[in-house]
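Subject: The structure we talked about

Hi,

Here is the structure I promised you. Have a look at it first, and then read on for what turned up when I went through it.

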Amino acid sequence: MTTIEVPALARVEGEGGLFIKLENGQAVEIRLDIYEPPRFFEGFLRGRFLQEVPDITARICGICPVAYQMSSAFALEKALGIEIFPQARALRRLMYCGEHIESHALHIYMLQAPDLLGKQSALELAAVAPDIVKNALRLKKIGNEILKAIGGRSVHPVNVCVGGFYRWPDAAALKALLPDLEWGLDAAMDSVKWAITLPYPDLEIDYEFVSLHHADEYAVIEGDVWSSKGNKVSIADYETRYIEEHVKHSNALHGHTMDGNTYLVGPLARLNLNHEQLSPAAQKALKDSGIKLPLKNPYKSLIARAIELVQFYEEAIRLVEAYKPEGPAHVELELKAGEGAGATEAPRGLLYHRYKIDENGLVQFARITPPTAQNLPRIEADLFALAPQIVKLPEEEATLTAEQLVRAYDPCISCATHFLKLKVEENRE
Amino acid sequence: MKIAVIGIGQSLRGDDGAGLEAVRQWKENFPETASRPEVRAEASELPGLALMDLIQENDAVILVDAVRSSAKAGTIHHIEPGDLSTFTSDSQSAHGWGVAETIQLARQLNPALKNHPIKLIGIEAGQMAMGSGLSKPVQNAMPLACCAIQTEIEKLL
């Protein structure tokens, strides 16, 4: 029996380890051990006033705080039975564009592309292709600038509240972003052209893709929960089909469908289910790429992210141009007891929240289902599918191949320090 | 000349917060320097890639951060950017962008920054467990760390 431990996977978010046990050339056990302590957000939200929830839950993630603000705000608005003003809804989409842009640019260029190009890190990539990395950093920064213009700062922005926004952001500050956004749209189109030239490992998985779907727009903030297996439920009924359960080796819960199947959320799922709703430039980028949908290769989620980068840049331009703040930025709240669910598409996939509140607006119950919890069992299943290829490789290469697969998912285990160790145990008896 | 003094670290991880605390105490003990218009002091828990902007926006940067080598806890290191590879982090910040990597990336992408004074004052960490508060040796090293910051600034002013 051989045990190999390699300190490995940087460029993921959170603390976890990977354990692979091989016997006679087959994987008999694969676990993503998530040993980072649970954070108990759902527990300490109890008793807090509902208006605190968006900013508390935003602290769950430094890369996608807006997603937490959005899902919680929509859920609590549902509980109160209110609808936000149309301009506030448009502004939420714009803010979300900023988050998708900064998260996707980071993942495409700084986290995953170095893997595909055989580089140890973006530093090595910068040495051979400085212009690509410079453009990547600019693409990312523009996303952060959107967040800053709307939410006061580029990381952990504020301003989203239950009912809309605390105040309208300055129109001039948003319009000043237009030249950068126009540049970003061109650079995003180039990103797709570049993305399809990258070498991707061969791996096709028959996923059940799950994402929000909205008939009139590329679903990000509202819609129904669609599955590629044909199932459609409303956000309010999400928990009738998708559940989470505790598994021994993970402090993150594992999501699966009611009938026990794994499923995939994230950019691949969104692109496969919602490509008809893509913006014109994103449609063109998809068509010109020659990519045939559905995309089933997990590594190629990079291409899906690149196409979404076009989507979110183009949409950001449209929303900034149309931005016209008038009247109050938020609906006045009338407190009452209630329950509501909200789901939005975070960069890594569907993020579901449900809250029960009492007549004083205090949270009685909270449920938060992040995308990575839904994808964790799917990552393990993918590694099983990859195992026959891994066992034939030298140890170092085997480790790297497994890491690259995990990294392709852009898992967000948490926002603290992180370290993933790969442990391969081989039994050759 | 615009000079930024940036304390880096995570105050909820024991001695990882040493850089933040050193900058805080330096501001308290050297108010005349800290309040000069060309000097800007910042506390940054995890700057990540945003550190590139801080480097580019200022003419000189003094970074104060916890480091780990084989030295005794509380040891003050004066690190030149050329020596940074010795301290390349094991991805202790969001998505693996540590201070060393970010400075290297900034210099790689913008060769003009090669002559940009960047000083790193490293404070050898003892324990980095969950929870706030510095270990005794690191607490005791704070006056030395403040003097190190002040000395570097005086060289630049």
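Let's start with the overall picture. Of the 429 residues in chain A, 61% count as buried. Please keep in mind that this is a predicted model. The confidence averages a pLDDT of 88 over chain A, and 90% of the residues score at least 70.

As for size, the C-alpha trace of chain A spans about 70 × 45 × 40 Å along its principal axes. Its radius of gyration is 21 Å, which agrees with the value near 22 Å that a compact globule of 429 residues would have. Chain A exposes about 16,300 Å², and 51% of that comes from carbon and sulfur atoms. If you take the contacts between residues at least 6 apart in sequence, 74% of them join residues at least 24 apart.

Now for the secondary structure: chain A has 14 helices and 14 strands. Two of the sheets are worth a look on screen.

One is an open sheet of 3 strands in chain A, in the order 6-7-8, with antiparallel pairing. Its edge strands are strand 6 (210–213) and strand 8 (232–234), each of which pairs on one side only. From one strand to the next, the twist averages 30°. Helix 10 (residues 267–274) of chain A packs on this sheet and touches strand 6 and strand 7, with its direction at about 50° to that of strand 6. Strand 6 is joined to strand 7 (residues 224–227) by 4 bridges. To find that pairing, look for His213(A), whose bridge partner in strand 7 is Asp224(A).

The other is an open sheet of 3 strands as well, in the order 11-12-13 of chain A, again with antiparallel pairing. Here strand 11 (338–346) and strand 13 (363–369) are the edge strands. Neighbouring strands are turned by 15° against each other on average, direction ignored. Between strand 12 (residues 349–357) and strand 13 there are 6 bridges, and the two strands run antiparallel. A handy landmark is Ile357(A), which stands opposite Val363(A) in strand 13.

That's what I have for now.

Cheers

Definitions and conventions: Residues are numbered from 1 along each chain as its sequence is written. Chains are lettered from A and ligands numbered from 1 in the order in which they are written. This is a predicted model: local features need pLDDT of at least 70, side-chain atom pairs count only at pLDDT 80 or more; totals for chains, interfaces and linings use all residues. Side-chain values use heavy atoms; hydrogens and water are left out. Two strands pair if DSSP finds at least two bridges between them. Axes are lines fitted to C-alpha atoms, for helices over the stretch in contact, and angles run from 0 to 180 degrees between N-to-C directions. pLDDT is the predictor's confidence in each residue, from 0 to 100. The radius of gyration is taken over C-alpha atoms; the globule rule is 2.2 Å times the number of residues to the power 0.38. Buried means under 20% relative accessible area, exposed over 50%, partly exposed in between (1.4 Å probe, protein chains only). Contact means heavy atoms within 4.5 Å. Accessible areas come from the Shrake-Rupley method with a 1.4 Å probe; for residues, only the protein chains shown count as cover.
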